[in-house]
Amino acid sequence: MSVHGSLAEINYGGSEEENAELRKLTVEVAENEDDAEAWEKIVRAAEGLEGGLNRNSSAYAIAFTRDIYDRFLAKFPLFFGYWKKYADLEFSIAGTEAAEMVYERGVASITNSVDLWTNYCSFKVETSHDPDVIRELFERGAHCVGLDFLAHLFWDKYLEFEERLEAQDKIFAILDRVIHIPMHQYARYFERFRQLAQTRPVAELLPADILSQFQAEIAMENPGKPKNELEIEREVRVRIDNFHLEIFHRTQNETTKRWTYEQEIKRPYFHVNELDEAQLINWRKYLDFEEVEGDYQRITFLYERCLVTAAYYDEFWLRYARWMLAQDGKQEEVRMIYQRASCFYVPISRPAVRLQYAIFEEMQGRVDVARAIHEAMLFIIPGHIETIVSWANLERRHAGLEAAIAIYQAQIDSKSCSIYCQGALVAEWAKLLWKVKGSVEEARQVYQKNQHWYLDVRSFWVNYLMFEMDQPTSAETEKEAHARIKQVADFIRTKSRLSPQLVKDLTHYYMAYLLDRCTEDAAKEYMTLDKEVNGPFSVQSQFKAKIAEDGKESTTQRRLVLENGHPGVEVNEAAVRRGENIYNKYYQQQGEQPSNGHPTPLRFS
């Protein structure tokens, strides 16, 4: 989510004294481009140049402020209020056309903002003298925001415009649309519609087929006493009013059903701060409700509303894409959802939506696009294991096993790949040879050749041990299999540099294997290991040898005696004065306190 262009490229133009504050604010933004408050500060500072920008401001001040606004709104396009401020600024500097261009950019960036569309239409009303052009803009806005539960601001502005023109037929037509929409102030619009209906010709009040039906029914009620046109119209109007009341009650019912969810929406606009869990739950329930109701237009509109306030949550983008994919013939809409999520909103730190997008494009036969998505991700987050594995599997599906292995080898050799990433990728490489090629021996060789390089890589050793333990055996081959598994387990305990807690967890898996699958000598080995990993430090012979500088248990034993039973933790007086806990190392060695202060669950990938 980087800004288009570097902040270092900004041209200040003025003297050092004039630009000191701007340079300071620019540095703050450059240090953290995700800090919206820092951006807002520099926008305010830019607006305040030369006492406030106007048509007579210097070209430098105008160019600088435009540059800041463009970068800010490229970074945070959902801040609707700043689109209006930018448009107002352009109007004061360059006039109507420039302001209108900003508004168009704004409504393209946040199409369902009631406030922005209302402001844009108000601006158009004040600056244009062509009613048809203005009406066309209002219709665009109605399409984008007309279904919003709080759209009354927009509809009021539209009605106000038609009132200026005294276009009663247009006013009635607008009200006829609005009374069907569940919204906050539905009753007010219906009352106005009902009053206006009394003055409108009957032909405008109903579709022609329903009106003809009413007239025919009234004429047939008393064939012996024919009614004149005035009596028929009076009774038709009564029926029409009842017909409209039915519409009102349906709208009232639909509004009531949605009120439960609408009243729980505390932040209907975008903000960089996270939503609390209650808000997320409410959006999930609201979407569930609309999906059950089954109205495509209302469902998509609610998703778009949700994805303004929850733009950074991949959960809702993925849900939207999955729902849309379930609709017939909506592949292009699905693609647009993924592109918006991947290119503008979901942080790269949440890669799931981009990986899902790659799979979607692969499904559509666009393998080159799927490949490009992976390459783009690794350009921003080099060494990201999940992305590399996904890319390798993409290549395997379409170019074969060797192509997948080539991806792993290239990434392992890359300077951007850390030792921990390399170890994990080696394990994935071995997994391909084992599960795809079916060559257990080749997979084993990959592990064996690389084990000395990744002594402290968790994923390498977890996968290596599980690989050996998952091999099928028989009574004839069990001893040979046990020897291989034991070799890995012993290496983990005596030579790896894994955390004591992880060593303990993996040893427990090996001990369970001994009891489940091994023969008569298993109990002896089990009890020996139980002493080593679960017993007090004083009886952990192998561990004491491992932590000794010369690899001898006796060395650690002598230190125990010297330190009154403490396993050789050096007491540093300076560290004590700094308030450091000198026993942290001891507890970590015992596996009782991992370095992050929390137990780490065991994972197999």
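Predicted model: local features only at pLDDT ≥ 70, side-chain atom pairs only at ≥ 80, totals over all residues.
Local features need pLDDT of at least 70 and side-chain atom pairs count only at pLDDT 80 or more, while totals for chains, interfaces and linings use all residues. Residues are numbered from 1 along each chain as its sequence is written, and side-chain values use heavy atoms, with hydrogens and water left out.

Helix H18 covers residues 352-363; helices here are DSSP runs (H or I, at least four residues), numbered from the N terminus. The expected span of a helix is 1.5 Å times one less than its number of residues, so the 12 residues of H18 should span 16 Å, and the 17 Å between its end C-alpha atoms agrees with that. Its buried residues (under 20% relative accessible area, 1.4 Å probe, protein chains only) are Val 353, Arg 354, Leu 355, Tyr 357, Ala 358, Phe 360, Glu 361 and Glu 362. The cover over these residues includes helices H16 (314-325), H17 (331-345), H19 (367-380) and H20 (385-399), where contact means heavy atoms within 4.5 Å. After H18 comes Gly 365, with a positive phi near 85 degrees.

Aromatic contacts come next. Rings of Phe, Tyr and Trp (its six-membered ring) pair if their centres lie within 6.5 Å; planes under 30 degrees apart count as stacked, over 60 as edge-to-face and the rest as tilted. The structure holds 46 such pairs. Phe 190 and Phe 193 form a tilted pair, because their ring centres are 6.4 Å apart and their planes stand at 35 degrees. Both residues lie in helix H10 (residues 186-197), 3 residues apart, about one turn of the helix. Phe 190 counts as buried at 2% relative accessibility, and Phe 193 is buried at 0%. Elsewhere, ring pairs link Trp 434, Tyr 447, Tyr 454, Phe 460, Trp 461, Tyr 464, Phe 467 and Phe 491 into a cluster.

A charge sits over a ring if NZ of Lys or CZ of Arg is within 6 Å of the ring centre and within 35 degrees of the ring normal. Lys 435 lies over the face of Trp 434, at 4.9 Å from the ring centre. Arg 350 lies over the face of Tyr 313, at 5.4 Å.

A cavity is a set of points on a 1 Å grid over the protein atoms alone where a 1.4 Å probe fits but cannot get out; lining residues have an atom within 4 Å of a point. The count is 1 cavity of 30 Å³ or more. The largest cavity holds about 70 Å³, the volume being the space filled by probe spheres set on the points. Among its lining residues are Asp 148, Glu 262, Tyr 286 and Arg 305. Helices H14 (277-293) and H15 (296-309) each supply at least two lining residues, and H15 gives the most, with 4.

Technical notes:
Buried < 20%, exposed > 50% of the residue type's maximum accessible area, 1.4 Å probe, protein only. 1 Å grid on protein atoms, 1.4 Å probe; cavity = no way out; pocket = protein on both sides within 12 Å on 5 of 7 lines; lining within 4 Å.
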